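Thanks for making the time this morning. I would like to walk through one model with you, going from the whole chain down to a few single residues.

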Amino acid sequence: MKSTRLFSPLLGLALLLVSAGALAIKPPMPRTKAQLAGVWVGPDAWGAVLRLELNSAGQGRLVVRDLDSKSNLAIYEIAIKKIDVNDLSFSVSPVSKGAARIALYGTNDSNAIDLVRYLKDQGDGYGVRALLIRQSDLQSGLQDLKGADSQLPAQPAR
């Protein structure tokens with residue numbers, strides 16, 4: 001009889017502790033324009049290389065070098081229009097001659113921006129994804145990999 005009387009309060013206490021613990025877990029705050037400031041670089045799904053430069057006000061430019069066009073760069077003036085949790089939307093204005101009309105959207109996490117260029121010049125349009133990381137992180141990682149060369153075996157394992 002005593003065990004059944006204790007069961008209900010203990011169950012209530014356990015549920016209270018679990019719910020309090022769940023409330024303590026908060027998702028990370030969305031990044032601000034100032035936190036996104038810097039230079040982001042990376043390839044897209046078609047092999048183009050992108051460089052996104054943002055200042056602390058969320059303005060900057062996007063430079064795109066297509067794989068098949070070694071000399072021509074597409075340059076755009078951009079500004080972050082909206083940050084909705086981790087989703088980004090940009091206003092885009094072509095600067096260079098021949099730059100395609102695009103819309104630009106993205107998702108940011110702590111280490112990268114998953115960027116989508118939506119090309120509007122080709123009929124209904126289509127999106128091309130790019131994964132951009134901070135240029136400083138890329139350079140640091142490349143230096144670390146170069147340093148690991150001395151630790152690698154002379155012949156690759158088969």
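Accessible areas here come from the Shrake-Rupley method with a 1.4 Å probe, and for residues only the protein chains shown count as cover. On that basis the protein chain exposes about 10900 Å², of which carbon and sulfur atoms supply 59%. Please keep in mind that this is a predicted model, in which local features need pLDDT of at least 70 and side-chain atom pairs count only at pLDDT 80 or more, while totals for chains, interfaces and linings use all residues. Residues are numbered from 1 along each chain as its sequence is written, and side-chain values use heavy atoms, with hydrogens and water left out.

Taking buried as under 20% relative accessible area, exposed as over 50% and partly exposed as in between, with a 1.4 Å probe and protein chains only, buried residues make up 25% of the 158 residues in the protein chain.

Helices (H or I, at least four residues) and strands (E, at least two) are DSSP runs numbered from the N terminus, and the protein chain has three helices and eight strands, in the order α-α-β-β-β-β-β-β-β-β-α from the N terminus on. Two strands are called paired if DSSP finds at least two bridges between them, and the eight strands form a closed barrel, running 1-2-3-4-5-6-7-8 with antiparallel pairing.

Let me now stay with strand 4, residues 74-84. Strand 3, residues 59-65, pairs with strand 4 in the antiparallel sense over six bridges, and there R61 stands opposite E77. Eight bridges join strand 4 to strand 5, residues 87-94, again antiparallel; E77 has S93 as its bridge partner in strand 5, and I78 has V92. In the hairpin of strand 4 and strand 5, with two residues between the strands, V85 takes a positive phi near 55°.

Beyond strand 5 comes S96, in the loop between strand 5 and strand 6 (102-108). Is S96 buried or exposed? It counts as buried because its relative accessibility is 19%. If we define contact as heavy atoms within 4.5 Å, then S96, leaving aside its neighbours within four places in sequence, is in contact with L73, A74 and I75.

Finally, L138 is placed in helix 3, residues 135-148, and is partly exposed, since its relative accessible area is 33%. That is where I will stop, and I am happy to take questions.
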